[in-house]
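This briefing covers selected local features of one protein structure, grouped by topic. Please read it alongside the sequence and the coordinates displayed below.

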Amino acid sequence: RFSRRNEVRPFEDASPLEFFSEKNDCSLLVLSTNSKKRKNNLTFVRTFGYKIYDMIELQIAENYKLLSDFRKQTFALGLKPMFSFQGAAFDTQPVYKHIKSLFLDFFRGAVTDLQDVAGLQHVISLTIQGDFQDGETLPNVLFRVYKLKTYRSEQGGRKLPRVELEEIGPRFDFKIGRIHTPSPEMAKEAHKRAKQ
């Protein structure tokens, strides 16, 4: 996390981000900017070989809620979230497929085969607001975070777990801004798999 003000405009000149990526050996970046034209703007960036692979701009609508606006509810640090993508466009429409892929990459963490039910403590839900029609402006993406609560309950003499979700924040409504997709050559190179 950088605190010094750097004049970075990723869609005009991506070279500062490529420099930061190489200098800090990181392939995922988020740039936060705020201007009159683009208020509360987050630019999610993925790199490949320290060159910009793809970028998407998500603007936070004014009705956001921060962690401090919720009751103090936490989960253990380092646990992977479960994801819920609500809306068929996440599997069919290119922009929403891009957003889905991006969020899964950003929250992936270390790859492991270990699975422990006790580690399933929170859910990140992304929902497409309203119906999606081709040709119209893209609907907002609603970002919500929930804590998973399990209770014992008996139904017909059988003990079954009852699961409830409680929103713990933060809460954002993302408006989709500018998008930069990878060139076909770069996408092909990035998706190559080693023979071993």
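In this predicted model, R171 counts as partly exposed, at 23% relative accessibility. The side chain of R171 meets that of E167 in a salt bridge, with an N to O distance of 2.8 Å. Across the whole structure, a search finds 14 salt bridges.

**Salt bridges**

- Side chains of opposite charge can pair when their charged atoms come close.
- Salt bridges with shared partners join E12, R38, E57 and R178 into one network.
- K149 is partly exposed, its relative accessible area being 23%.

**Helix α3**

- Helix α3 comprises 13 residues, 94-106.
- From its first C-alpha to its last, α3 reaches 18 Å, which is close to the 18 Å expected at 1.5 Å a residue.
- The buried residues in α3 are V95, Y96, H98, I99, L102 and F103.
- Viewed down the axis of α3, these buried residues fall within an arc of 150 degrees, and therefore they line one face of the helix.
- At the start of α3, a side-chain oxygen of Q93 comes to within 2.8 Å of the backbone nitrogen of V95.

**Backbone geometry**

- Most residues other than glycine have a negative phi, and most peptide bonds are trans.
- N40, although not a glycine, has a positive phi of about 45 degrees.
- The position of N40 is in the loop between β1 (28-33) and β2 (41-48), and N40 counts as partly exposed, at 23% relative accessibility.
- Y50 is likewise not a glycine, and has a positive phi of about 60 degrees.
- Y50 is found in the loop between β2 and β3 (51-60), where its relative accessibility of 31% makes it partly exposed.
- The peptide bond from G169 to P170 is cis, with omega near 0 degrees.
- P170 is located in the loop that runs between β7 (158-167) and β8 (172-180).

**The largest pocket**

- The largest pocket has a volume of about 1100 Å³.
- Its lining consists of 29 residues, of which N6, V8, L31, S32 and T33 lie nearest the centre of the pocket.
- The elements α1, β1 and β2 each give two or more residues to the lining of the largest pocket.
- Strand β1 gives the most to this lining, with 6 residues.

Methods. Residues are numbered from 1 along each chain as its sequence is written. This is a predicted model: local features need pLDDT of at least 70, side-chain atom pairs count only at pLDDT 80 or more; totals for chains, interfaces and linings use all residues. Side-chain values use heavy atoms; hydrogens and water are left out. Helices (H or I, at least four residues) and strands (E, at least two) are DSSP runs, numbered from the N terminus. The expected span of a helix is 1.5 Å times one less than its number of residues. Buried means under 20% relative accessible area, exposed over 50%, partly exposed in between (1.4 Å probe, protein chains only). The arc is that of the directions from the helix axis to the C-beta atoms. A polar contact is a pair of N or O atoms within 3.5 Å; within protein, one must be able to donate a hydrogen and the other to accept it, and residues adjacent in sequence count only if both atoms are side-chain atoms. A salt bridge is a side-chain nitrogen of Lys or Arg within 4 Å of a carboxyl oxygen of Asp or Glu. On a 1 Å grid over the protein atoms alone, a cavity is a set of points where a 1.4 Å probe fits but cannot get out, and a pocket is an open set with protein on both sides within 12 Å along at least five of seven lines; lining residues have an atom within 4 Å of a point. Grid points are joined across faces, edges and corners, and a volume is the space filled by probe spheres set on the points.
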